[in-house]
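Let's take a walk through a protein model together. Have the structure open beside you and follow along.

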Amino acid sequence: MPNKLISYIFLSFALVFMTWACINPIKDFAQKDSTSYMTIEADIVNDPTMCKIRLTSSANRIMSVLSLPVTKADVYIVDQAGTKTTFKEVTGGATGTYLPPTGFAGKVGSTYQLFIKTLDGRQYQSSQEEMNAVPEIENIVTQFEVLDQYSKGDVRRAGYTVYLDFKDSPKEGDYYMWNWKHYEPITICATCGGGGTWNFKQNTCITPAVATDQILNYSCDGKCWDISTNNDLNVFSDVLTNGQRIVGRQVARTPFDNYTPYYFRLEQRGISKSAFLFYQSLIAQVQSSGSLFDVPAETRFSVNVKSVTNPTEKILGIFNVFSVSKKIFYIDRTKGIPPGEKAFIPQVPGEMFYCPGAVPGCQDRVPCFEGSTRTKITPEGWTL
C-alpha cells in the first residue's frame with residue numbers, strides 16, 4: 001500500500017507522495033549536517049500486494065541515491081492477539097525491502113505494532129496502530145482545465161483534474177489520504193546518447209572515448225510499461241464534516257500529453273491519526289519554509305517509531321497502518337478540450353537501432369527491467 005519517502009512518503013522517499021489541497025510538490029532537501037538517520041517506511045494494508053517494510057540509512061540528502069539499504073535485519077509485527085508475522089528481506093536487487101508471507105494482509109479493526117532489530121544490535125519499536133475502515137469511492141469526475149499562468153506549449157498549462165465523492169462514516173476521527181498510479185505502455189526500453197551503444201552482456205550503454213551527437217533507441221523485447229505516481233500530499237480529516245458526504249474532493253491532475261486513453265489507478269486510504277499528523281507536519285514544513293525538512297530545528301521526525309536502544313535517536317519515516325479502496329478507470333483525453341488547446345506530445349530524439357540484415361548473434365531488443373518506475377507485468381485492470 002503502494003505507491004509513492006519516506007509510498008508515498010517519507011513513506012516513500014523514492015516513491016511517492018500524494019496530492020494535497022494546496023498542491024505543493026515535495027522536493028529533495030539537503031540536511032544541514034552530515035548526520036545519517038535510520039529511515040523506516042512501513043506499510044501494513046488490507047491489500048496483500050501493498051504490504052512492505054523498507055529500511056534505509058539516509059545520506060546527507062533524504063531522496064539521494066546515496067541512501068543505503070539496511071540489510072539482514074530482524075523485522076516483524078505483532079497484532080492485538082499476540083500473533084507474530086515475520087517480514088523477510090527480498091533477495092536479488094531489492095535489499096533493504098522486507099515482505100510478509102504470501103497472502104498476508106492487515107485486517108480492519110486489528111491493531112499492529114512493529115519491531116526491528118538490525119544486524120548491529122539496534123532495536124526499534126512502534127506504537128500500536130489500529131487499521132481503520134475506509135469508505136468506497138462513490139463517484140469520480142474528470143474535467144479538462146487550463147492554468148492560464150502557463151503559456152501555450154508549457155506541459156503544465158493543460159490537463160485533466162480528477163475529483164471524487166465519498167461518504168464519511170458516522171464515527172468521529174476518520175482520516176484520509178489519496179494516492180494514484182499511472183501505467184504508460186512503451187516500445188523503447190533503452191536510449192544511448194553520446195554515440196554510445198547498448199551492451200547486451202552488461203545491460204548498460206557503452207559510450208566511446210570520443211562522444212558524438214548520435215542517439216540510439218532500442219525496442220523492448222516484449223510488453224513493457226512505465227510507471228508514474230503522484231509526488232504531492234493530499235490528506236483530510238473529518239473533524240468538520242463527520243458523517244457527511246464529501247463532494248468534489250480534488251485528488252489529482254493528469255497531463256495533456258497525448259490523446260490516448262490515460263490509465264489511472266486511484267487509492268483512497270483510511271489512515272491513522274498518527275499518519276495524518278505526520279503528513280500534516282510535512283505540509284506545514286513546505287508551506288512555512290519553502291523546503292522539505294530543514295534539519296534539525298524545523299524537522300518533524302517519526303511520530304510513532306522510537307529507538308529502544310537509544311531513546312534520543314531521531315528516526316525518519318512512519319509506521320503506516322491503513323485500509324484502502326481502489327478505483328481503476330481510463331481518462332478520455334479527447335473530450336472537453338477548449339478551442340486552441342493541443343496536446344503537448346513529447347518527441348523521442350534519436351533513431352531506432354535495428355540489426356543490419358541477418359547478422360549472426362546480433363541483438364536489437366532490450367529487456368523490460370522490473371523496478372519502481374517500470375514493469376513487464378500487465379497492470380491490474382488493463383483493457384487496452
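**Rings, cores and a sheet**

The charged end of Lys 84 lies over the ring of Tyr 76, 4.2 Å from its centre; a charge sits over a ring if NZ of Lys or CZ of Arg is within 6 Å of the ring centre and within 35 degrees of the ring normal. Before going on, note that this is a predicted model, where local features need pLDDT of at least 70, side-chain atom pairs count only at pLDDT 80 or more, and totals for chains, interfaces and linings use all residues. Residues are numbered from 1 along each chain as its sequence is written, and side-chain values use heavy atoms, with hydrogens and water left out.

Now for the rings. How many aromatic pairs does a search of the whole structure find? There are 25. Rings of Phe, Tyr and Trp (its six-membered ring) pair if their centres lie within 6.5 Å; planes under 30 degrees apart count as stacked, over 60 as edge-to-face and the rest as tilted. Tyr 218 and Phe 353 are a tilted pair, because their planes meet at 40°, with the centres 5.1 Å apart. This pair joins distant parts of the chain, 135 residues apart: Tyr 218 belongs to strand E16 (residues 216-220), while Phe 353 is in the loop between strand E23 (351-352) and strand E24 (365-366). Helices (H or I, at least four residues) and strands (E, at least two) are DSSP runs, numbered from the N terminus.

Tyr 218 has 2%, so Tyr 218 is buried, whereas Phe 353 has 22% and counts as partly exposed.

Next, look for the nonpolar cores. A nonpolar core is a set of buried Ala, Val, Leu, Ile, Met, Phe, Trp, Tyr and Cys residues joined through side-chain atoms within 4.5 Å. The largest has 39 residues, and Ile 40, Leu 55 and Tyr 279 have the most contacts inside it. Among the elements that each supply at least two residues of this core are strand E1 (38-45) and helix H1 (273-289). Another core, of 22 residues, lies apart from it and includes Phe 166 and Ile 246.

Finally, find an open sheet of three strands in the order E10-E11-E19, with antiparallel pairing. Two strands pair if DSSP finds at least two bridges between them. Strand E10 (139-146) and strand E19 (245-255) each have a single partner strand, so one side of each is left without a neighbour in the sheet.

Technical notes. Buried means under 20% relative accessible area, exposed over 50%, partly exposed in between (1.4 Å probe, protein chains only).
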